[in-house]
Amino acid sequence: MMQQIFRSRKIEKAHTRVDLEKTIAENKERGWKQISDIKEDYGNYQVVLEFTNPR
């Protein structure tokens, strides 16, 4: 039996920091992990999330 690990990353964006933190919490339950700090970019907030799915 062979195990493959698929990795993917995504950038979540939101207009407010509170909305972004809520989205991060929801994604954490689905297996996403925060790998960067929350950054402010032109009035929006963004963060990079990574997902590891062993099959």
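**Salt bridges, core and a buried loop serine**

E12 and K10 form a salt bridge, with 3.2 Å between the closest N and O atoms. A salt bridge here is a side-chain nitrogen of Lys or Arg within 4 Å of a carboxyl oxygen of Asp or Glu. The model is predicted: local features need pLDDT of at least 70, side-chain atom pairs count only at pLDDT 80 or more, and totals for chains, interfaces and linings use all residues. Residues are numbered from 1 along each chain as its sequence is written, and side-chain values use heavy atoms, with hydrogens and water left out.

E12 is buried, at 17% relative accessible area. K10 is partly exposed, at 25%. Buried denotes under 20% relative accessible area, exposed over 50%, and partly exposed the range in between (1.4 Å probe, protein chains only).

The structure holds 3 salt bridges. One of them pairs R9 with E50, the closest N and O atoms being 3.3 Å apart. R9 belongs to strand 1 (residues 5-14) and E50 to strand 4, so this pair ties together parts that are 41 residues apart in sequence. Helices (H or I, at least four residues) and strands (E, at least two) are DSSP runs, numbered from the N terminus. R9 is exposed, at 61% relative accessibility. E50 is buried, at 11%.

Another salt bridge joins the side chains of R17 and E21 (3.4 Å, N to O). These two residues lie 4 residues apart in helix 1, separated by about one helical turn. R17 is partly exposed, with 41% relative accessibility. E21 is also partly exposed, with a relative accessible area of 39%.

The largest nonpolar core has 8 residues: A14, L20, I24, W32, I38, Y45, V47 and L49. Such a core is a set of buried Ala, Val, Leu, Ile, Met, Phe, Trp, Tyr and Cys residues joined through side-chain atoms within 4.5 Å. Helix 1 (17-29) and strand 4 (44-54) are the elements that give two or more residues to this core. Strand 4 gives the most, with 3 residues.

Contact means heavy atoms within 4.5 Å. S36 sits in the loop between strand 2 (32-34) and strand 3 (39-41). S36 is buried, at 17% relative accessible area. Beyond its neighbours within four places in sequence, S36 is in contact with V47 and V48. A polar atom of the S36 side chain lies 2.9 Å from the backbone nitrogen of V48.

How values were computed. A polar contact is a pair of N or O atoms within 3.5 Å; within protein, one must be able to donate a hydrogen and the other to accept it, and residues adjacent in sequence count only if both atoms are side-chain atoms.
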